[in-house]
Amino acid sequence: MKLYEHLAKEVFAKNGIPTPPGRVAMNPDEVAAVAKEVGAPVAIKAQILAGGRGKAGGIKFADNPEQARAVAKEMFGADLKGFKIDRLLVEKKLKIENELYVGVAVDAAAKQPLLIASASGGMSIEEVPEKDIVKRPVDVTWGLYPYAAREAVQRLGLTGTPAKKVADIMVRLYQIFRAYDAELVEINPLIISAGAGPGQEEVIAADGRLNVDDYALFRHKDLPTTDEGTALEKRVKAIGLAYVELDGDIAVMANGAGMAMATLDILSRYGGRPANFLDAGGGASSEPMAQAIDVLLSTKPTAMLINIFGGITRCDEVAKAILSVKNSRGIPVPLVVRLVGTNEAEGVRLLKEAGISAYRSLDEAAAKVVAAAGGAK
Amino acid sequence: MAIYIDEKTKVLVQGITGNQGAFHAKQMLAYGTRVVAGTSPGKGGQEVEGVPVYDTVEEAVSARGANASIIFVPAAAAKDTIFDAIDNGIKTVVAITEGIPVQDAMEIMAFARAHEAVVIGPNTFGIISPGKCKIGIMPNQIYTPGRVGVVARSGTLSYEIANSLTEAGLGQSTVVGMGGDRVVGLSFINVLKKFQADPDTEAVVLIGEIGGRAEEEAAEYIKGMTKPVVAYLAGKAAPPGKRMGHAGAIIERGRGTFESKVKALEAGGAAVAELPWQVPELLKARLAASKPGGGETAAAKNGNGNGASGGRKKRSRE
């Protein structure tokens with residue numbers, strides 16, 4: 001789960017990482033009020049759960065509260081990278097001397113957290129050449145010690161007060177990473193400003209990203225939920241199945257993530273265009289499967305393909321799920337089922353009796369459903 | 001021989017009194033796995049499918065000598081349960097549990113590393129050495145003993161391919177499920193090294209998917225392997241930025257794409273199948289090519305070792 005920038009910054013502030021004065025506002029009047037409170041000029045930042053916001057016009061500036069109100073009026077409700085803007089973060093505009101990148105991520109291959117830093121902040125870390133990135137693996141058992149942060153900061157070429165402050169922020173950022181079960185926490189840019197002069201430079205998190213592991217949300221009930229995805233994706237998630245909306249017209253259900261992906265690949269290979277990815281799970285019982293079929297039908301596909309390799313999932317249960325939907329609400333589109341594995345004969349028999357085609361071969365089933373949807377596109 | 005587990009492996013089922021634990025204990029026993037004990041805190045003294053249940057792993061290990069374990073506890077309890085197994089000397093832990101927080105997974109792997117234990121999973125279907133031992137939740141009937149090693153990230157897709165191997169007369173030495181999560185105990189390279197060293201494995205099938213860099217790293221190792229490798233990868237049609245069911249199956253910031261993995265694997269010398277059912281044919285071709293003059297391979301001869309697949313018809317496309 002991604003947190004909005006303003007929420008990530010609240011977490012930063014609570015844990016001793018300096019952030020610009022300001023707060024979130026939900027309407028233009030509030031934007032003007034915050035601008036007055038913190039003192040103009042201000043930055044007005046759209047709160048959306050996507051990166052690359054600055055380039056897309058999601059960050060604007062205002063020299064006084066009235067201008068801030070006018071800017072806010074234009075921003076609220078506007079579409080930005082597929083998101084509708086419904087909240088703005090209003091902050092005092094910062095004087096920037098230097099921009100850094102600091103983050104902590106999961107290094108899947110090393111099975112360890114990884115501290116990442118760069119002296120080239122303000123742009124996407126992917127665009128920074130590898131030689132300008134400082135990486136330091138962290139032993140998850142012992143954590144990030146200050147000496148390791150000092151080494152990283154030295155490699156960034158920092159000295160004096162900024163070096164000390166950035167190292168301190170790295171340690172705090174790692175603690176946030178652990179305490180909030182983050183997949184990724186990053187500050188980009190981390191800003192060094194002159195402050196009151198040499199020795200009194202200030203280091204401030206100008207942006208903040210905190211992605212919390214979905215699997216760990218059960219121990220972070222206090223966090224406000226920010227749900228990504230389309231309405232339909234949320235509805236299927238609530239049933240407990242994995243679902244991704246795609247732009248084609250053939251609805252697809254399969255059991256197991258790898259199998260569901262392979263089914264999409266095979267459909268595409270035959271010129272079909274899948275409408276979605278739906279993993280009905282390795283051992284899904286007939287009830288969630290029936291609900292999943294309902295959701296798929298609600299997307300008004302031109303045809304539907306159900307691909308089941310029954311291991312733990314029993315083919316007769318799958319057939320019953322399909323029949324319960326057919327008998328109660330009807331299935332108004334061509335349906336092709338591929339059914340192999342445990343209790344296969346029984347499942348195929350049940351479907352055939354109800355006039356639904358069932359195949360052993362996925363190859364054949366894919367070709368049939370593409371034809372039923374009007375051929376290759 | 002087989003890798004990681006064989007007929008001598010003594011298995012402990014942690015979480016044996018739950019629905020899943022009890023069901024799969026029964027299935028593993030039916031397969032012939034030596035399931036010697038189960039644990040479930042507070043339920044010691046009971047029996048499940050004739051298997052004695054203990055409160056602690058300590059008791060189960062000292063009474064029954066278990067040396068491998070399979071985990072069926074909920075995600076929130078998984079770290080504690082796996083630590084329990086490893087701390088009590090179990091060297092092979094198969095974590096079926098789905099939804100373990102990634103930071104718990106990192107701690108589990110650090111603990112395993114310190115104790116020289118192997119964690120298979122989490123979010124895996126398990127591991128099977130056909131005819132010898134099954135520690136997992138895969139269907140019993142689709143495997144047959146033989147000389148092809150299989151390593152996969154995902155369950156049902158590997159069932160599909162294992163089944164097509166069996167139907168084509170290509171038996172398996174061991175089938176390893178690495179798990180669909182981002183942080184898992186084994187890498188492709190760990191498993192490929194074992195298969196390369198295993199005298200009873202003649203060729204390897206690698207079943208991967210989009211996301212991460214595991215396949216690209218495997219490709220580097222495959223360059224130095226003497227045994228043929230055939231790969232199949234899922235996710236060609238997946239859009240970037242979306243998690244395709246598995247926590248690890250996501251193209252992030254242009255990395256982990258299908259194209260990059262295919263390119264790396266082919267450069268490493270692996271044959272990449274475009275469709276799952278092309279795997280057996282490619283494998284046969286590679287095996288024939290790796291043995292001058294050999295048409296019928298040892299793997300093909302040794303396949304069809306049990307009756308499970310004997311009666312099945314081959315699919316026409318094969």
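The following exercises, each with a worked solution, concern a predicted model.

Residues are numbered from 1 along each chain as its sequence is written, and chains are lettered from A in the order in which they are written. Local features need pLDDT of at least 70, side-chain atom pairs count only at pLDDT 80 or more, and totals for chains, interfaces and linings use all residues, while side-chain values use heavy atoms, with hydrogens and water left out.

**Exercise 1. Describe the interface of chain A and chain B: how many residues make the contact, and what area is buried?**

Step 1. With contact defined as heavy atoms within 4.5 Å, chain A contributes 51 residues and chain B contributes 60 residues.

Step 2. The size of an interface is often given as the accessible area lost when the parts come together. Buried area is the accessible area (1.4 Å probe) that two parts lose on being put together, summed over both. For chain A and chain B this area is about 4,400 Å², and carbon and sulfur atoms give 58% of it.

Step 3. A salt bridge requires a side-chain nitrogen of Lys or Arg within 4 Å of a carboxyl oxygen of Asp or Glu. Seven salt bridges are counted between chain A and chain B. A salt bridge joins the side chains of A:Arg360 and B:Glu167, at 3.6 Å from N to O.

Step 4. A polar contact is a pair of N or O atoms within 3.5 Å; within protein, one must be able to donate a hydrogen and the other to accept it, and residues adjacent in sequence count only if both atoms are side-chain atoms. Across the interface of chain A and chain B, 14 residue pairs are in polar contact (both at pLDDT 80 or more).

Step 5. Helices (H or I, at least four residues) and strands (E, at least two) are DSSP runs, numbered from the N terminus. Among the elements of chain A that each supply at least two residues of the side touching chain B are helix H5 (160–179), strand E10 (182–193) and helix H7 (257–269). The largest share, ten residues, comes from H7(A).

**Exercise 2. Which strands stand at the edges of the open sheet of chain B?**

Step 1. The seven strands of this open sheet follow the order E3-E4-E2-E1-E5-E6-E7 (chain B), with mixed pairing; two strands pair if DSSP finds at least two bridges between them.

Step 2. Strand E3 (47–48) and E7 of chain B each have a single partner strand, so one side of each is left without a neighbour in the sheet.

Step 3. Within the sheet, strand E2 (residues 34–39) and strand E4 (residues 51–54) of chain B run parallel and are joined by two bridges. B:Gly38 has B:Val53 in E4(B) as its bridge partner.

**Exercise 3. Which parts of chain A does the pair A:Arg69 and A:Asp29 tie together?**

Step 1. A:Arg69 and A:Asp29 form a salt bridge whose closest N and O atoms are 2.4 Å apart.

Step 2. A:Arg69 lies in helix H3 (residues 65–75) and A:Asp29 in helix H2 (residues 28–38) of chain A, so the pair ties together parts that are 40 residues apart in sequence.
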